[in-house]
Amino acid sequence: MDEIGGAWDGRGLPPVARARIARAAADGVRTSLLPAVGAAGLEASGFDVVGEVLGTIVMQISWTGFGGCGYVPMTGGFGGTGWAFGPGTVTSGSGSRWAGYAPYVEALKAGRNTALDRMVSEAAALGADGVVGVRFTDVRMENNKREFMALGTAVRSRGAQRPARPFTTDLGGQDVAKLLAAGWVPAGIAYGISVAIRHDDWRTQSQIGVFSGNTEVAGYTELMNHVRADARRDFARRAARLGGDSALMTSMWHRVWEYEVAEGHRDHVAEAVITGNAIARFHAEAVAPVTNSLSILPLRSSR
């Protein structure tokens, strides 16, 4: 049972969110995560702050779906030396039968999407037209649990028309105001995630040896290039699905870890996350018109 009252089955707004909305309606206080300059920029663009909104989910992620890196040891004269007879670096988005970690990536996306959807649902319940300054967090907890959280400030246009669904952006209020003034409108937050795996083959092992000196480790360079490229492709696909004409990348994060598959068989795994914003033009002229939410939102609602 929730202390607010009643059990929650994971659908709709959680009781704590409903309580936040009720308090805001009762006392009229609108909380905001925006600095003064951001709030002022949005107000000049025709938006009012509605309130702080949040979406969160805790997931158990204990199955990665790891299918190997494609490494097949030689059985001839070079047996056990670590030569790789496989596809080399394998990414989660490759579609290969060796595309290990694809279920893990899908779980990460499900966590982010759920947190974002719950935040947007709270914004819609407040009558908002968008959420700006969105912050994503991904916190690792004990026993393979992860908390995904999306937090932002809901805003509402002073116009009469409403978009079908509140837009989202991780840009602050001042940046959103500048974007609008330039003739662009946020279409939604986009992100791309990829996990890649590569076996430490004979060449890689020779380049990381004690006496290798200062030299490039070509296998690790390939691993990082592949995982970032795959994350960028995923980012571009999501931006296109949001209806964006362009995309602004705001962050690129990665981590690398070692995976000991078996005796004498070591792989390295890299995870990359790219976050940004899909944006769309709302005019066809060479010079942007004088902009405010009264002219922007009707166009957004028709996209």
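# Strands and salt bridges in a predicted model

Visitor: How many contacts beyond four places in sequence does the model have for residues 74-85, where pLDDT stays under 50?
Guide: pLDDT is the predictor's confidence in each residue, from 0 to 100, and a contact means heavy atoms within 4.5 Å. Where pLDDT is low, the predicted coordinates should not be read in detail. For residues 74-85, the number of such contacts is 21.

Visitor: What average pLDDT does the protein chain have?
Guide: This is a predicted model, so local features need pLDDT of at least 70 and side-chain atom pairs count only at pLDDT 80 or more, while totals for chains, interfaces and linings use all residues. Residues are numbered from 1 along each chain as its sequence is written, and side-chain values use heavy atoms, leaving out hydrogens and water. Of the residues, 81% score at least 70. The chain average is 81.

Visitor: Which residue of β4 is the bridge partner of Gly-130?
Guide: Helices (H or I, at least four residues) and strands (E, at least two) are DSSP runs, numbered from the N terminus; two strands pair if DSSP finds at least two bridges between them. Strand β3 (residues 130-140) runs antiparallel to β4 (residues 145-157), and 9 bridges join them. Within β4, the partner of Gly-130 is Val-155.

Visitor: And in β5, which residue is the bridge partner of Val-131?
Guide: β3 also pairs with β5 (residues 167-168), in the parallel sense and over 2 bridges. The β5 partner of Val-131 is Thr-168.

Visitor: How far apart in sequence are the parts tied together by Arg-165 and Asp-117?
Guide: These two form a salt bridge, with the closest N and O atoms 3.0 Å apart; the term means a side-chain nitrogen of Lys or Arg within 4 Å of a carboxyl oxygen of Asp or Glu. Arg-165 lies in the loop between β4 and β5, and Asp-117 in helix α3 (residues 102-125), so the parts they tie together are separated in sequence by 48 residues.

Visitor: Is Asp-234 buried or exposed, and what is its relative accessible area?
Guide: Asp-234 meets Arg-237 in a salt bridge (3.7 Å, N to O), and the two are 3 residues apart in helix α6, about one helical turn. Buried means under 20% relative accessible area, exposed over 50%, and partly exposed in between (1.4 Å probe, protein chains only). Arg-237 is partly exposed at 43%. Asp-234, however, is buried, with a relative accessible area of 6%.
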